[in-house]
Amino acid sequence: MSKKEKPEETKEVQEQEVETAKEPTLEEQLSDTKEQLLRTAAEYANFRARSAKEKEQTYNNAKGSVVTELLPVIDNLERALAGEGNDYDALKQGVQMTMDGLMASLTKLGVEQFGEAGDTFDPNFHNAVMHVEDDTLGENVICDVFQKGYKIGDRVIRAAMVKTAN
């Protein structure tokens, strides 16, 4: 071998050593992967905690909105109870105004009332507690309502308690 070949071989060996030095070892790769997994797990735990906190806050805000809508009704009832007179008509008028205020508040909240005499019976919305045979009424017709039903959108909060005919 000539002297020229040795420096070239030495140069190739040096380049291989540099490339080997640049590549991380398996232990370093494993360590990096572990760190990434730990960071991902910590981020996920933080996300879950933040989501739970936001859910609780949303729930509390919703409750607060409902209570805010009902406070004027409570105020009206307190004023009616504080009245010193024995005037039945005034008391009845006050209760009617309070009921109207409550129904307006429920409407603002998206609550709908259903269940009227003459409506067609639907087991998804009505709970039939009595049945009567009456030739003057059609089939599956509600003839009496004992309790009105309430729903928000498609979700029934309370089914109407009714008496059906035929």
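Helices (H or I, at least four residues) and strands (E, at least two) are DSSP runs, numbered from the N terminus. From the N terminus on, the elements of this chain run α-α-α-β-β-β-β-β-β, a total of 3 helices and 6 strands. Please keep in mind that this is a predicted model, where local features need pLDDT of at least 70 and side-chain atom pairs count only at pLDDT 80 or more, while totals for chains, interfaces and linings use all residues. Residues are numbered from 1 along each chain as its sequence is written, and side-chain values use heavy atoms, with hydrogens and water left out.

**Overall picture**

- Of the 166 residues in the chain, 11% are buried; buried means under 20% relative accessible area, exposed means over 50%, and partly exposed lies in between (1.4 Å probe, protein chains only).
- Among contacts (heavy atoms within 4.5 Å) between residues at least 6 apart in sequence, 61% join residues at least 24 apart.

**Salt bridges**

- Side chains of opposite charge can pair when their charged atoms come close.
- The structure holds 3 salt bridges, each defined as a side-chain nitrogen of Lys or Arg within 4 Å of a carboxyl oxygen of Asp or Glu.
- One of them joins Glu-35 to Arg-39, with the closest N and O atoms 4.0 Å apart. Both residues sit in helix H2 (residues 26-82), and because they are 4 residues apart, about one helical turn separates them. Glu-35 is partly exposed at 41% relative accessible area, and Arg-39 is partly exposed at 48%.
- Another salt bridge pairs Glu-69 with Lys-108, where the closest N and O atoms are 3.9 Å apart. Glu-69 belongs to helix H2 and Lys-108 to helix H3 (residues 88-108), so this pair ties together parts that are 39 residues apart in sequence. Lys-108 is exposed, with a relative accessibility of 67%.
- Glu-116 and Lys-148 also form a salt bridge, and here the closest N and O atoms are 2.5 Å apart. This pair links distant parts of the chain, 32 residues apart: Glu-116 is in the loop between E1 and E2, and Lys-148 is in the loop between strand E3 (141-147) and strand E4 (149-152). Glu-116 is partly exposed at 40% relative accessibility, and Lys-148 is partly exposed at 26%.

- Ser-105 has its place in helix H3 and is buried, at 8% relative accessibility.
- Leaving aside neighbours within four places in sequence, Ser-105 is in contact with Glu-69 and Val-73. Glu-69 is also the salt-bridge partner of Lys-108.

**Aromatic pairs**

- A pair of aromatic rings is described by the distance of the centres and the angle of the planes.
- Rings of Phe, Tyr and Trp (its six-membered ring) pair if their centres lie within 6.5 Å; planes under 30 degrees apart count as stacked, over 60 as edge-to-face and the rest as tilted.
- By this rule there are 2 aromatic pairs. One of them is the edge-to-face pair of Phe-114 and Phe-125, with 5.5 Å centre to centre and 80° between the planes.
- Phe-114 is buried, with a relative accessible area of 13%, whereas Phe-125 is partly exposed at 25%.
- The C-alpha atoms of Phe-125 and Arg-155 are separated by 9.7 Å, although the residues are 30 apart along the chain. Arg-155 is found in strand E5 (residues 155-158) and is exposed, at 59% relative accessible area.

**Largest pocket**

- On a 1 Å grid over the protein atoms alone, a pocket is an open set of points where a 1.4 Å probe fits, with protein on both sides within 12 Å along at least five of seven lines; lining residues have an atom within 4 Å of a point.
- The largest pocket has a volume of about 160 Å³, counted as the space filled by probe spheres set on the points, with grid points joined across faces, edges and corners.
- Its lining includes Ala-80, Gly-83, Asn-86, Asp-87, Tyr-88 and Leu-91. Helix H3 gives the largest share of that lining, 4 residues.
- The lining residues divide into 4 nonpolar, 4 polar and 1 charged (Ala, Val, Leu, Ile, Met, Phe, Trp, Tyr, Cys and Pro count as nonpolar, Asp, Glu, Lys and Arg as charged, and the others, Gly among them, as polar).

**Backbone angles**

- Most residues other than glycine have a negative phi.
- Asn-140 has a positive phi of about 55° although it is not a glycine. Asn-140 lies in the loop between E2 and E3 and is partly exposed, at 37% relative accessibility.
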